Amino acid sequence: MNIDAIVTGIDLIFTPTSLMLIFLSVMIGVVIGALPGLSSTMAVALLLPFTLGLDPVVAISMMAALYCAGTFGGSITAILINAPGAPPAVATALDGYPMAQRGEAGRALGVAAVSSVSGGIMSLIIFIIAAPLLAAVALQFRPQEYFALTLFGLSMLAAISGKSAPRNLVSGLMGVMVSTVGIHLVTGIERYTWGTTWLYDGIDFVPVLIGVFAISELLKQAVKPETTMERIKNVAIKLPSFGDLNKIKWTILRSTGIGTFIGILPAEGTTVAAIMGYNEAKRWSKNPEEFGKGCIEGVAGPEAANNSGASGAMVPTLALGIPGSGTTAVLLAALIMHGFRPGPFLMRETPEILYAIFLAMLLANVGFLVIGLAGARIFSLITLIPRTFLWPSVFCFAVVGSYAYNQQMFDVWVMLIAGLLGFLAMRHGFGPAPFVMGLVLGDLLEKNWSQAMIIFDSNWVLFFHSPIANLFFALTALSLASPLIGPWVRSKLSKSLNSAPQRMGD
Amino acid sequence: MSNQPLGRGGDGEEPAGFSPSTLHRPDIFVAGIILVLCSLLFARTFWFDLVPDSLAQNVQPTDFPRLVLITVAVIALLIPFEYKRKLRRGIDLDSDRRDPIPMAVYATSFALVAFVGITPWLGTFASLLFISAGLPLMWGERRWKFLVPYVVLFPTAVMWLFSVVLQVNFLPGVIGHIFR
């Protein structure tokens with residue numbers, strides 16, 4: 001453990017300005033998380049231009065804190081008004097809202113807060129141990145192994161949440177194509193610049209990220225009617241009793257493990273973690289029939305899983321440079337923008353960033369516990385902001401944020417075009433998260449492929465001479481086949497389970 | 001994206017949008033567009049400048065984009081066959097696109113393009129004022145007691161934050177610099 005780096009990280013975070021900025025990020029994260037339609041990913045993308053003038057370590061720490069707080073913020077509105085502010089909170093609403101309806105909103109919020117914080121802190125400990133170890137292993141990787149790992153990361157898009165694996169893959173690969181615009185690093189040749197100097201340096205992530213997340217959603221909101229939600233009033237926050245904690249302790253531990261593991265897998269993210277956390281909590285519960293009717297395990301499971309997934313997703317992002325989720329793909333872009341080199345070299349060159357992020361996320365976990373418990377009712381009122389004011393505000397931030405990046409209107413046009421095309425693509429099932437993953441990973445993929453081809457003198461067979469690369473190629477094939485194999489395996493299993501009682505009766 | 005199962009019912013009727021053929025027509029168009037796009041981008045690679053092999057070190061600038069485009073094209077060929085398979089599992093791939101795009105979305109898109117288009121002439125601050133007033137009004141907001149303070153205060157706060165605090169130079173336009 002690098003003591004100097006730990007001390008530097010602490011020094012950078014524990015200043016009044018940094019603490020204030022991190023606290024501000026936590027507040028923004030909880031608000032954004034609480035608002036349906038706005039996501040942590042969009043918030044981190046919009047926050048990026050604001051952080052340009054800040055110390056890079058503080059900037060990244062702010063975004064990590066926002067990410068953490070956003071995953072919790074969604075549970076407030078999920079419980080109080082059955083309108084999950086963030087996709088991972090959908091599973092929380094299944095039992096949280098029924099609890100609120102029978103007058104136990106405070107208890108539900110207390111369970112959600114304690115589960116989130118417990119899961120978050122436990123997985124942070126795993127993160128701080130695993131990330132340097134993984135980075136140390138990855139330092140041994142040669143270009144062919146890195147290429148295979150990045151390819152595996154992209155192939156996981158086939159299994160990401162969404163309706164269609166081929167669409168996710170096409171979306172991801174189109175993101176990779178956008179990353180090829182500009183000057184080719186090996187030969188210096190212009191690619192897809194169409195004779196214009198604006199595209200010499202390629203298409204920047206930030207305007208594209210803002211466009212595909214913020215503008216596409218704005219266009220969807222253009223036709224949504226204002227909905228009056230039934231609000232739970234007179235909420236008194238109640239921390240869980242010892243009896244409740246005893247009942248949910250194994251659920252929290254189990255969901256933390258699930259969430260951390262899912263978070264570490266490339267591309268999966270907190271939504272998948274939350275759903276799996278809920279399913280496993282139900283499966284292991286002594287009273288599974290109570291799920292869906294207001295069971296505290298049904299709140300504790302997804303909450304512990306989604307927050308631990310957030311920390312887990314930081315592991316591959318920092319250690320390997322492969323994003324663990326859509327939001328960490330944006331964080332990865334932020335790291336690159338601020339001059340860091342994500343991956344194993346990050347641990348070697350700037351190890352203080354790891355400890356700074358760890359501290360920021362730890363503070364965020366404590367911060368949203370306090371904010372959530374003290375201000376849950378106020379945060380639920382955030383949803384009263386009419387969309388006729390909310391979304392024009394988002395557009396203003398999107399325009400100004402895209403412009404502020406390089407101070408050129410070209411980026412604003414990129415943002416707008418990305419948003420318009422993103423909206424059309426989303427209608428046909430092509431999601432923004434796979435596209436962003438492809439955009440962020442494309443450069444890494446091509447760079448390692450090129451380096452390997454140079455070393456191998458164009459003999460691509462040599463890619464398969466590395467056992468580690470072969471392992472990742474095999475995992476790639478498995479993840480590409482999983483949308484086909486998964487349902488087949490499930491149908492075989494259910495057939496064998498259904499036929500077993502008949503055989504026993506014979 | 002929702003995976004709402006369709007009501008299959010016992011009446012023997014096929015769900016709306018179900019086609020008896022293996023291919024799904026909207027997805028044929030989608031795949032077609034992707035293939036046309038891939039073809040155009042692939043053709044464009046023939047316009048890239050050539051580099052001697054010794055300088056290129058076995059990695060021509062055309063190689064990687066072509067590989068990616070071929071992969072995209074192959075995957076795109078699977079898209080038209082997906083609908084029926086997903087429908088059997090209760091996933092309706094048409095749920096987000098069954099209804100035509102409402103006029104409000106076209107109007108909003110046109111408005112967004114117009115707002116960005118006039119920004120260089122009008123200036124960033126004036127353009128933000130215009131957006132803050134125009135979009136809510138277009139979406140039916142008529143509560144003037146909220147709208148007027150919002151139009152005055154919000155863009156001013158955003159411009160102040162970026163111009164004064166973050167030191168960003170915005171386009172002055174017809175009204176000139178206000179925050180410097």
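User: Which residues in H17(A) do the residues of H9(A) meet?
Analyst: This is a predicted model, in which local features need pLDDT of at least 70, side-chain atom pairs count only at pLDDT 80 or more, and totals for chains, interfaces and linings use all residues. Residues are numbered from 1 along each chain as its sequence is written, and chains are lettered from A and ligands numbered from 1 in the order in which they are written. Two residues are in contact if their C-beta atoms, placed from the backbone, lie within 7 Å. On the H9(A) side are Pro207(A), Val208(A), Ile210(A), Gly211(A), Val212(A), Ala214(A), Ile215(A), Ser216(A) and Leu219(A), and they meet Asp411(A), Val414(A), Met415(A), Leu416(A), Ala418(A), Gly419(A), Leu420(A), Gly422(A), Phe423(A) and Met426(A).

User: Is the crossing of H9(A) and H17(A) left-handed or right-handed?
Analyst: Helix H9 (residues 205–221) of chain A packs against helix H17 (residues 409–427) of chain A with axes 7 Å apart. A crossing is left-handed if the near helix is turned anticlockwise from the far one by less than a right angle, and right-handed if clockwise. The crossing of H9(A) and H17(A) is right-handed.

User: How many residues of H12(A) are buried?
Analyst: Helix H12 (residues 296–319) of chain A has 24 residues. A residue is buried if 20 or more other C-beta atoms lie within 10 Å of its own, with C-beta atoms placed from the backbone. H12(A) is mostly covered, and its buried residues number 24 of 24.

User: Which helix gives the most to the side of chain A that touches chain B?
Analyst: 50 residues of chain A are in contact with 58 residues of chain B. H8, H16, H17 and H18 of chain A each supply at least two residues of that side. The most, 10 residues, come from H16(A).

Note on methods:
Axes are lines fitted to C-alpha atoms, for helices over the stretch in contact, and angles run from 0 to 180 degrees between N-to-C directions. Helices (H or I, at least four residues) and strands (E, at least two) are DSSP runs, numbered from the N terminus. The expected span of a helix is 1.5 Å times one less than its number of residues. A residue is buried if 20 or more other C-beta atoms lie within 10 Å of its own, exposed if 12 or fewer, and partly exposed in between; C-beta atoms are placed from the backbone.
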